[in-house]
Amino acid sequence: MRQTIAEKILSEHSGKRARAGDIVMANVDFCFGQDGTSGMIVDSFRRMGVESVFDKDRFCMVIDHSAPSPNIGVSAIHDKMRGFAREQSVRVFDIGEGVCHQVVPESGYVTCGDLVLGADSHTCTYGAVNVLSTGVGSTDLAIALASGKNWFKVPETMKIVVDGKLPKGVYSKDLILYVISDVKADGATYQSVEFYGQAINSLSVDARFTISNMAVEMGAKSGIMAPDRKTMDWINKHSIRQPRPVEADEDAKYLEIREYDVSELEPQVACPHTVDNVRPIGEVLGTPVNEVNIGTCTNGRLEDLEVAASILKGRKIAKGMKLIITPASRKIFLDAMKKGYLDIFVEAGAAVNNPGCGPCVGTHQGVLADGETAFSTANRNFKGRMGNPNAEIYLGSPAAAAATALAGEIADPREHKRRL
Amino acid sequence: MAYAHRLKINDDINTDYIISGRYKFKIQDEKELAKHIFEDLEQDFHKKIKPGDFLVAGENFGCGSSREQAPVALRASGLRAVVAKSFARIFYRNAFNVGLCVVECETNYIDDMDELELDIDKNLIKNLSKGVNIEIEPVPRIMKKFLESGGVVEYFKSHGGFDDIF
């Protein structure tokens, strides 16, 4: 049969033998919207003239991008989402519950072998747990919401094999930035990316989420991983549905195979204003930074907070530095509290936000001033992304972010090696 | 007469540039939204566009966020089509879903303010200023149907679903 993971999942969901290039109509296992896209989902759904959603247990909305609401316009959108949720008896994750890409898998809505649509471009995140998940616009999401289906172009697949053992102080964020710098922002457009290799296998599921999350930054439709014992443990602990693990056939057809070795990798930093403008941290050390953002759907998970806490413990951030920390979900917030990380952050001088997207998308909770520079653990550094086109954004790992917050300039986390 | 408009940057024009996140929550009126397109790259860019004009760019147009406000704002600005070497996939879907035509072709030989004519059925753009015809990638049949209906919602409504599209 010789199929990739994407071809297999689309075959199973369409009832047809799906091959790259085909267009198929497929059943969707789960779909969702966030507060930047749900207003238009509701509008498109209403325009379709359908009375009720296809399955009230297979859709949710997450209020995360601008939460709590910073202005009247956003409040109206949130109100509209809550109203629609009441009317259709669907779940809404309200302010403070977390980022969609953390709460959706954490709440068990996705499982291995699923086909998932989200009205958010980073929906590819769940590829880490063997889900074919991809971002769409609001109207596409409304189509799925009304009918339980949508049309899909079966993607070609790029196989990425990452071998070697990541050195101390170098993380899955550095790995994916390194890959993106090679593939480039459009190198995998419309493709499904499959990740393999020793370096991927040795990562925790949380660290794998960081990698799949950023697949869209090279244009990919999904960034999917084969299931292993760690995947199954994670899924069995969280998912409310039966997993259907999917592996690619050994002789599946790949458009391209790229191989990397990360044994000697340095921490990586994406420089303004594109995600593929990546340099080893050594080349940007000493760049003055005004604001550090630790959190987001890329790096706001417990082990991200843990590494930041181990660097910040008992220390104070640089004078004039704004350190903003946003746990990705309420569960992570509570766990971080129990483990004492929040005490460490606050004592170090950080402002800790409620769970959600934080300052990532530039609508609230840390908008930059003209001429300011941010170092963020997020996934995008486009001009204007954090609310101000006259500011600059660097991206890197939570460890690099914490080291930077202490130094007041871009700093190498390996300086704190004994704490890592 | 319809003209080409180019921005100062060519490749990887992302949806944050098309319409900033600052506005996606604030403005529900698409005509208002259209006044802010490409604002972070070039002030008052929208004023240059006359109904029927074209936006011309390089590779990977529309990368980044899935915000549908991006193609909606471009359509509301009066553009006949966006012409680029390639498009990011979410933007490409969103565009046809909301009734904005986008076409792929070699764009190196289209300069700012060249006069253009698009014939989507003949897979052709005529560059009248340069006297050359540029071949475009055929627009998939499914996308043409959405455009003819004025968008995917309208298609879905008038056909009671997608079943007859394949």
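Two strands are taken to pair if DSSP finds at least two bridges between them. In this predicted model, that criterion leads directly to strand β8 (residues 157-163) of chain A and strand β9 (residues 192-196) of chain A, which run parallel and are joined by five bridges. Within this pairing, Met158(A) has Val193(A) in β9(A) as its bridge partner. Helix α1 (residues 5-14) of chain A packs on the sheet to which these strands belong, where α1(A) touches β8, β9 and β10 of chain A. The direction of α1(A) makes about 100° with that of β10(A).

The sheet as a whole is open and consists of four strands of chain A in the order β10-β9-β8-β11, with parallel pairing. Its edges are formed by β10 (222-225) and β11 (256-261) of chain A, each of which pairs on one side only. From one strand to the next, the twist averages 25°.

Parallel pairing is also found elsewhere in chain A. Strand β2 (residues 30-34) of chain A is joined to β3(A) by four bridges, and the two run parallel. Here Gly33(A) has Met61(A) in β3(A) as its bridge partner.

Strand β5 (residues 115-119) of chain A runs parallel to β6(A) and is joined to it by four bridges. In this pairing, Thr134(A) in β6(A) is the bridge partner of Leu117(A).

Chain A also contains a helix pair that can be followed residue by residue. Helix α2 (residues 38-47) of chain A packs against helix α5 (residues 138-147) of chain A at an angle of about 55°, and their axes are 8 Å apart. That angle makes α2(A) oblique to α5(A). The crossing in which α2(A) passes α5(A) is right-handed. On the α2(A) side, the residues in contact are Met40(A), Ile41(A), Ser44(A) and Phe45(A). They meet Ser138(A), Thr139(A), Leu141(A), Ala142(A), Leu145(A) and Ala146(A) in α5(A). By class, the residues of this contact comprise seven nonpolar, three polar and no charged.

Attention now turns to chain B, where four strands form an open sheet in the order β1-β2-β3-β4 with parallel pairing. Strands β1 (4-6) and β4 (101-104) of chain B stand at the edges with a single partner strand each, so one side of each is left without a neighbour in the sheet. The twist averages 25° from one strand to the next. Between β1(B) and strand β2 (residues 54-56) of chain B, which run parallel, there are three bridges. Arg6(B) stands opposite Val56(B) in β2(B).

The loop between β4 and β5 (116-119) of chain B holds Asp114(B). Is this residue buried or exposed? A residue counts as buried if 20 or more other C-beta atoms lie within 10 Å of its own. Asp114(B) has 20 such atoms within 10 Å and is therefore buried. Leaving aside neighbours within four places in sequence, Asp114(B) is in contact with Tyr3(B), Ala4(B), Asn127(B), Ser129(B) and Lys130(B). Of these contacts, Asn127(B) is 13 residues from Asp114(B) along the chain, and their C-alpha atoms are separated by 6.8 Å.

Chain B has a helix pair to consider as well. The axes of helix α6 (residues 141-149) of chain B and α7(B) come within 7 Å and cross at roughly 85°. That makes α6(B) roughly perpendicular to α7(B). Lys145(B), Phe146(B) and Ser149(B) of α6(B) make the contact with Val152(B), Glu154(B), Tyr155(B) and Ser158(B) of α7(B). Three nonpolar, two polar and two charged residues make up this contact.

Finally, the two chains meet in a contact that takes 34 residues from chain B and 42 residues from chain A. On the side of chain B that touches chain A, the elements giving two or more residues are α2 (21-24), α5 (89-97) and α7 (152-159) of chain B. The largest share of that side, five residues, comes from α5(B). By class, the side of chain B that touches chain A has 11 nonpolar, 11 polar and 12 charged residues.

Definitions and conventions: Residues are numbered from 1 along each chain as its sequence is written. Chains are lettered from A and ligands numbered from 1 in the order in which they are written. This is a predicted model: local features need pLDDT of at least 70, side-chain atom pairs count only at pLDDT 80 or more; totals for chains, interfaces and linings use all residues. Axes are lines fitted to C-alpha atoms, for helices over the stretch in contact, and angles run from 0 to 180 degrees between N-to-C directions. Angles under 35 degrees count as roughly parallel, over 145 as roughly antiparallel, 65 to 115 as roughly perpendicular and the rest as oblique. A crossing is left-handed if the near helix is turned anticlockwise from the far one by less than a right angle, and right-handed if clockwise. Two residues are in contact if their C-beta atoms, placed from the backbone, lie within 7 Å. Ala, Val, Leu, Ile, Met, Phe, Trp, Tyr, Cys and Pro count as nonpolar, Asp, Glu, Lys and Arg as charged, and the others, Gly among them, as polar. A residue is buried if 20 or more other C-beta atoms lie within 10 Å of its own, exposed if 12 or fewer, and partly exposed in between; C-beta atoms are placed from the backbone.
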